[in-house]
Amino acid sequence: MILITGGAGFIGTNFLLDWLAQSDEGVINLDVLTYAGNLENLVSLKDDKRHIFVQGDICDSILVTKLLTKYQPRAIINFAAESHVDRSIQNPEGFIQTNIVGTFRLLETTRAYWSTLENKIKQKFRFLHISTDEVYGSLASGEEAFDEDHRYMPNSPYSASKAASDHLIRAYHHTYGLPVLTTNCSNNYGPYHFPEKLIPLIIVNALAGKPLPVYGDGQQIRDWLYVKDHCAAIRQVLEAGTLGETYNIGGRNEKPNIDIVHTICALLDALYPRANGKRYHEQITFVTDRPGHDRRYAINSKKIECELGWKPTETFETGIQKTVQWYLDNQSWVRNVQSGIYRKWIDKNYEGRTL
Ligand code: NAD
Ligand code: TYD
């Protein structure tokens with residue numbers, strides 16, 4: 001088995017669904033279910049014995065020790081995090097707790113478990129930490145894309161907390177020999193993305209006839225990767241990555257935010273025209289910029305491409321088309337998120353399921 005944390009969130013959900021579609025190896029999914037954790041995402045796994053959901057916190061060393069002892073996973077993948085930059089600006093405390101203290105506790109608990117393993121199993125064990133390109137800071141236009149040796153210069157409480165967690169991962173390898181791997185990925189998009197992040201927010205607001213908020217001048221650049229390509233990269237790093245190394249993952253899709261918003265509007269015009277005959281881009285509203293807003297991220301993925309043979313399969317054009325279509329096909333998922341009903345899935349589907 002493997003143990004993943006944060007498997008009810010956006011990337012964790014996609015990873016879990018893809019993993020179980022491709023492998024019979026079971027997954028223990030430890031997720032505390034913050035506002036970002038949605039068990040409705042995993043309803044297709046309800047009767048699937050390969051998925052063991054446990055509601056709990058990565059900071060809870062007693063619980064994590066119990067899970068490790070009981071299920072003896074061969075690997076841990078740490079997706080759990082507070083992940084939204086704007087929330088980290090409003091209220092950084094939770095980011096320090098989960099992203100830094102939580103990663104530290106998970107490392108300590110894992111180290112204790114790993115040190116008891118028999119040599120052969122110990123050598124095969126992996127701890128894969130999922131991180132972000134935001135730890136590298138902001139690039140000026142024309143500057144080279146981030147490679148794995150780029151210095152860390154995080155600018156938001158979110159990226160600073162992820163940077164701290166990356167440093168802990170590195171230290172546990174260097175000091176204790178813990179078999180760790182780290183991935184630093186660019187902005188993901190795709191199904192099950194919580195509608196507080198740019199792409200799902202624009203789709204959902206557009207359909208609801210609401211303003212489409214663009215921060216500042218809309219010229220900030222992100223490198224966008226379709227989430228399923230990220231999941232494939234994670235599987236590849238888990239199986240073949242070199243211990244102690246980090247791998248940058250990106251989509252070679254650098255785009256200014258305003259272009260992303262216009263692309264979504266054009267797709268919606270074609271797929272779901274407004275009843276009043278107006279065009280979706282008329283809803284675009286420029287709003288006050290995010291404090292400390294990073295201007296540009298860009299990823300150099302040569303290392304994972306050359307060493308592990310990974311490449312993204314989706315272009316931005318194919319990925320965004322699939323994403324917009326997914327939100328059109330899953331409007332009840334959006335409604336349940338917006339009304340808060342999704343939080344009731346805990347009671348409805350998982351009552352009584354414990355260790
Ligand atoms: P998300 O916010 O959608 O999901 C996070 C999940 O972690 C939720 O299910 C939440 O309930 C769970 N969680 C939070 N705190 C926890 C705790 N203390 N214990 C157990 N579970 C907890 O995030 P995401 O977008 O799926 O991101 C997953 C990981 O990938 C994060 O580490 C993030 O930093 C990283 N990442 C995200 C992106 C992106 O574009 N979304 C890009 C690169 C890296
Ligand atoms: P976001 O999806 O929050 O990801 P991140 O900040 O981690 O890159 O934002 C992506 C970009 O979109 C970022 O430059 C901020 C911008 N943005 C808007 O312009 N309007 C919005 O309403 C949001 C949520 C983001």
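This is a predicted model: local features need pLDDT of at least 70, side-chain atom pairs count only at pLDDT 80 or more; totals for chains, interfaces and linings use all residues.
1. Ground rules. Local features need pLDDT of at least 70, side-chain atom pairs count only at pLDDT 80 or more, and totals for chains, interfaces and linings use all residues; side-chain values use heavy atoms, with hydrogens and water left out. Residues are numbered from 1 along each chain as its sequence is written, while chains are lettered from A and ligands numbered from 1 in the order in which they are written.

2. Shell of ligand 1. There are 28 residues around ligand 1. A residue is near a molecule if one of its heavy atoms lies within 4 Å of it. I11, D31, S83, Y158 and K162 come nearest. By class, the shell holds 13 nonpolar, twelve polar and three charged residues. Here Ala, Val, Leu, Ile, Met, Phe, Trp, Tyr, Cys and Pro count as nonpolar, Asp, Glu, Lys and Arg as charged, and the others, Gly among them, as polar.

3. Polar contacts of ligand 1. A polar contact is a pair of N or O atoms within 3.5 Å. The backbone of I11 places an N or O atom 2.7 Å from an oxygen atom of ligand 1. A polar backbone atom of F79 is 3.1 Å from an oxygen atom of the ligand. S83 uses its side chain: an N or O atom there is 2.7 Å from an oxygen atom of ligand 1.

4. Cover and elements at ligand 1. On its own, ligand 1 has 830 Å² of accessible area (Shrake-Rupley method, 1.4 Å probe), and the protein covers 96% of it. Two or more residues of the shell come from each of α1 (10-22), β5 (126-132), α6 (157-176) and β7 (187-189). β5 gives the most, with three residues. Helices (H or I, at least four residues) and strands (E, at least two) are DSSP runs, numbered from the N terminus.

5. Shell of ligand 2. Ligand 2 is surrounded by 16 residues. The closest are E134, R222, N257, R290 and H293. The shell divides into six nonpolar, five polar and five charged residues.

6. H293 has a side-chain N or O atom 2.7 Å from an oxygen atom of ligand 2. L198 has a backbone N or O atom 2.9 Å from an oxygen atom of ligand 2. For P213, a backbone N or O atom lies 2.9 Å from a nitrogen atom of the ligand. Taken alone, ligand 2 exposes 510 Å², and the protein buries 96% of that.

7. Elements at ligand 2. α7 (198-207) and β8 (212-215) each supply at least two shell residues. β8 gives the most, with three residues.

Technical notes:
A polar contact is a pair of N or O atoms within 3.5 Å; within protein, one must be able to donate a hydrogen and the other to accept it, and residues adjacent in sequence count only if both atoms are side-chain atoms.
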